[in-house]
Amino acid sequence: MTMVVPIGPQHPALKEPEYFRFEVKGEEIVDVDIYFGYAHRGIEETLARRNYKHNIYLSERICGICNICHSTCYCQAVERVAGIEPPERAKYIRSLILELERIHSHMLWLAVAAHEIGFDTLFMLAMRDREHVMDMREIISGGRVHSATNTIGGVRRDVTPEQIPKLMEKLDKLEESVKYYINLFQTDRTIKSRCANVGVLTKEDAIKLCAVGPVARASGVKTDIRVEDPYAAYPNLSFEVITEDDGDVLAKGMVRLREMLESIKMSRQILRELPSGPLRVPVDLKIPPNEAVQRVEAPRGELLYYIRSNGTEMPERVRVRTPTYASAPSLKPMFVGGTVAEIPIVLWSLDVCFACNDRVTLVDAKTGKVSVVTMEELRRWRK
Amino acid sequence: MNTILDILSFLFNSIVFPGLLFVSVVGMLYVGIDRKVTGHLQHRIGPPIWQEFLDFGKLMTKEDITPSAAIGPVFTAAPLFALGSLAAVMLLLPVASAQPALRLTADLIVIIYLLNIPAICMILGGYSSGSSFAIAGAGRYIVQLLGYEFVFILSIAAIAVKVGTLNLTDIVSYQAKNGWLLLDWKLLPAIVATLIAAQGKLLRTPFDIPEAETEIVAGPLTEYSGPKLAIWRISYNAETIAVAALLVSLFLGGPTAYTIGNVRIPAVVDFLIKTFLIVMLTTVVRNIVARVRIDQALKFYWTFGILLAAISLILVMVVPQW
């Protein structure tokens with residue numbers, strides 16, 4: 001006999017409203033249905049109603065945690081549509097803030113993961129050390145979370161020579177704490193007992209279900225957009241693509257923790273090799289009809305923007321595919337066969353970010369029929 | 001005349017000292033300190049140490065809700081019975097001197113029974129509240145109860161065999177003569193096992209599985225709110241003190257009066273210091289580990305915990321006294 005355990009739309013394990021319908025036999029999970037769509041905000045539609053400059057602001061608001069990835073990806077897509085190339089210095093600054101964002105996102109992951117397994121002390125300590133990154137971001141852009149640094153054709157803010165020693169100092173502190181957490185993850189028995197052999201995603205499943213980012217890399221799939229489709233300053237930076245073979249929660253954590261070290265290394269290299277030159281090139285916003293796809297390696301994996309221009313100052317269509325959306329199918333093999341107690345940590349091992357992910361789903365309350373609203377229908381309603 | 005005095009003193013004992021009022025106030029204060037220390041261990045300021053009193057006052061003024069799906073009488077009675085049993089158990093524990101307020105021949109058995117009633121009440125309250133999270137939590141609590149309780153009883157049995165009595169007062173006076181049982185190497189494994197079991201009894205990490213907030217909201221207490229939750233908070237705080245008091249009497253020599261210089265320090269101060277140390281030990285442990293899964297907890301108790309307790313029991317029975 002199976003019982004249905006609802007997780008969500010309101011549940012303390014979820015930071016955002018989504019609905020997971022678990023079928024359990026005792027404590028064992030036999031099936032799971034995932035219902036997305038509770039946090040839909042209609043941003044893609046709104047993006048097509050504003051001009052390119054206003055959209056930078058809006059694309060940053062798609063995700064609070066990885067806002068720079070969104071604005072970078074958007075700006076790069078527009079630059080590609082318009083056929084312009086940002087200056088080298090702008091590319092380096094973009095890479096710097098992207099890497100800082102990866103560090104702070106992974107720190108946040110570590111903190112919440114600790115909370116999900118009931119290790120609240122680690123949660124608080126990780127949040128404390130995350131402050132170093134937030135400070136660095138504040139030094140560079142003036143904003144702790146939203147940087148508003150990117151613009152079409154380059155960046156708006158410079159990294160001055162006076163800032164570099166301060167940033168280097170913070171990076172040292174950060175490296176120390178990250179190394180401590182790596183050691184903790186490798187040695188603490190309670191963490192191991194909760195994370196090892198839990199929520200395993202095999203390499204075959206990861207490839208079959210098109211997992212992206214750290215989730216795929218933890219299963220041994222060597223995929224990283226920074227290498228496969230280089231953008232910004234990444235062709236000039238030396239870094240290693242971190243992979244683990246086990247595919248369990250511990251491996252996903254280790255991938256993120258070791259990636260932080262790589263990011264710190266890259267940030268140092270950027271600060272050392274920052275080329276001189278202008279920050280941005282002027283751009284004519286009346287972009288002739290064209291289309292482009294741009295990919296960025298967000299902290300959670302591949303982020304994809306598709307932009308079609310139509311000769312006006314507004315894009316014809318902007319399509320955003322966020323990493324959580326791409327990785328969501330991988331949740332099923334990770335959940336099935338596990339226990340109820342593992343739900344929060346397995347769900348969080350994906351580093352889920354729902355707000356950026358949701359599309360419109362209509363559910364008929366009487367029949368329970370579910371239908372997804374297409375862009376055509378949305379456009380029809382608009383007129 | 002004497003009977004009236006007896007009744008009055010019994011009423012005083014159960015309601016004021018060392019019963020309801022004393023155990024609630026000290027319990028709330030200690031849990032407040034626990035929260036403050038936890039805050040500092042976690043690199044934050046933490047609430048003021050009187051926060052539990054504020055929480056209690058606030059909860060008492062809230063609306064009293066019984067969910068329509070709940071079995072009302074059980075749901076309401078559960079916290080009251082839990083608190084009542086804890087006030088009763090305080091009468092049997094030595095607090096102000098080696099003599100408890102109420103003397104029974106084999107009081108250890110009664111104490112073990114009474115200390116289980118809060119857990120059983122919480123399970124009943126969870127099952128009667130009609131919420132799936134509460135039911136899941138209650139189910140986990142039953143499993144956990146089966147885990148820690150046997151370890152707890154077995155280690156107490158080792159101590160009882162060593163002293164040769166089931167009377168707590170006799171155990172305390174034995175320690176006054178022969179030194180603390182903590183210093184007896186044969187009993188050391190049992191004492192470690194008792195502390196591990198106490199960690200599970202008090203639902204502290206790594207054994208806060210029945211109320212794991214990220215998995216099953218608040219476990220059995222999910223549907224409780226207002227005054228009923230306030231009573232639950234008090235009974236949890238009282239349970240902390242009661243369990244600590246039992247451990248103090250079992251192997252820390254119980255409450256003892258000292259004379260430093262010309263000042264006589266009453267035994268209740270000694271009691272407060274020793275219980276505080278036990279509470280702080282559980283606080284530190286709960287802040288340096290992650291929560292384990294229920295199957296892992298059960299396995300841990302039935303292998304490691306029982307092994308420790310059994311080693312002591314066998315040592316005490318086999319190794320001759322010297």
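E131(A) has a relative accessibility of 30% and counts as partly exposed (buried is under 20%, exposed over 50%, partly exposed in between, with a 1.4 Å probe and protein chains only). The model is predicted, so local features need pLDDT of at least 70 and side-chain atom pairs pLDDT 80 or more, while totals for chains, interfaces and linings use all residues. Residues are numbered from 1 along each chain as written, chains are lettered from A and ligands numbered from 1 in written order, and side-chain values use heavy atoms, without hydrogens and water.

**Exercise 1.** Find the partner of E131(A) in a salt bridge and say where the two residues lie.

*Solution.* Step 1: the side chain of E131(A) meets that of R144(A) in a salt bridge, with 2.9 Å from N to O (the term asks for a side-chain nitrogen of Lys or Arg within 4 Å of a carboxyl oxygen of Asp or Glu). Step 2: E131(A) belongs to helix α5 of chain A, residues 120-141, and R144(A) to the loop between α5 and β4 (150-151). Helices (H or I, at least four residues) and strands (E, at least two) are DSSP runs numbered from the N terminus. Step 3: the two residues are 13 apart, and the pair links distant parts of the chain. Step 4: R144(A) is partly exposed at 34%.

**Exercise 2.** What are the accessibility classes of D129(A) and R128(A)?

*Solution.* Step 1: these two residues form a salt bridge, and their closest N and O atoms are 3.3 Å apart. Step 2: D129(A) has a relative accessible area of 7% and is therefore buried. Step 3: R128(A), with 32%, is partly exposed.

**Exercise 3.** Which helices of chain B hold R286(B) and D34(B)?

*Solution.* Step 1: the side chains of R286(B) and D34(B) meet in a salt bridge of 2.7 Å, N to O. Step 2: R286(B) is in helix α11 (residues 267-287) and D34(B) in helix α2 (residues 20-41), so the bridge ties together parts 252 residues apart in sequence. Step 3: R286(B) counts as partly exposed at 23%, whereas D34(B) is buried at 2%.

**Exercise 4.** How many aromatic pairs does the structure have over all chains, and how is the pair of Y234(A) and F239(A) arranged?

*Solution.* Step 1: the search of the whole structure gives 16 aromatic pairs. Step 2: Y234(A) and F239(A) lie 6.0 Å apart, centre to centre, with 70 degrees between the planes, and form an edge-to-face pair. Rings of Phe, Tyr and Trp (its six-membered ring) pair with centres within 6.5 Å; planes under 30 degrees apart are stacked, over 60 edge-to-face, the rest tilted. Step 3: Y234(A) has 2% relative accessible area and is buried; F239(A), at 19%, also counts as buried. Step 4: in chain B, ring pairs join F207(B), F300(B), Y301(B) and F304(B) into a cluster.

**Exercise 5.** Is M122(B) buried or exposed, and with which residues is M122(B) in contact beyond its neighbours within four places in sequence?

*Solution.* Step 1: M122(B) is placed in helix α5 of chain B, residues 107-128. Step 2: its relative accessible area is 8%, so M122(B) is buried. Step 3: with neighbours within four places in sequence left aside, M122(B) is in contact with Y141(B), L203(B), P220(B), L221(B) and W232(B) (contact means heavy atoms within 4.5 Å). Step 4: A78(B) is 44 residues away from M122(B) in sequence, yet their C-alpha atoms are 6.6 Å apart.
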